[in-house]
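Here is a short report on one protein model. Please look over the sequence and the fold first.

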Amino acid sequence: MVGKIVEAVFDGTVLHLKEPLELKKGTRVRITIEAIESTEPAKLRSFLQTAQALQLQGPTDWSTNIQHYLYGEGVKSHD
């Protein structure tokens, strides 16, 4: 085999080939990586799903005292 282009998916650790290679065990190869655009449409997520996925941490009074946390203005009491 002189040259062949195969597609693979990277799972974060290992490349999984989309088709088997017809190579003898121990054959040395040179691999060039070229990312290709996915043909699958992007999955749309709502703002709430995105915010939850970020697992943001913060004070429980964020909504009440947003001006304080953003601009340093006075804190409102919880009366």
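## Basis

This is a predicted model: local features need pLDDT of at least 70, side-chain atom pairs count only at pLDDT 80 or more, and totals for chains, interfaces and linings use all residues. Residues are numbered from 1 along each chain as its sequence is written, and side-chain values use heavy atoms, without hydrogens or water.

## Helix α1

Helix α1 covers residues 47–54. Helices are DSSP runs of H or I with at least four residues, strands are E runs of at least two, and both are numbered from the N terminus. None of the eight residues of α1 is buried, so the helix lies largely in the open. Buried means under 20% relative accessible area, exposed over 50%, and partly exposed in between (1.4 Å probe, protein chains only). Gln55 follows α1 and has a positive phi, near 50 degrees.

## Leu15

Leu15 lies in strand β2 (residues 15–17). Its relative accessibility is 43%, so Leu15 counts as partly exposed.

## Largest pocket

The largest pocket has a volume of about 1,100 Å³. Its lining has 27 residues, and Ile5, Val6, Glu7, Ala8 and Thr32 are the closest to its centre. A pocket is an open set of points on a 1 Å grid over the protein atoms alone, where a 1.4 Å probe fits, with protein on both sides within 12 Å along at least five of seven lines; lining residues have an atom within 4 Å of a point. The volume is the space filled by probe spheres set on the points, which are joined across faces, edges and corners.

β1 gives the most to this lining, with three residues.
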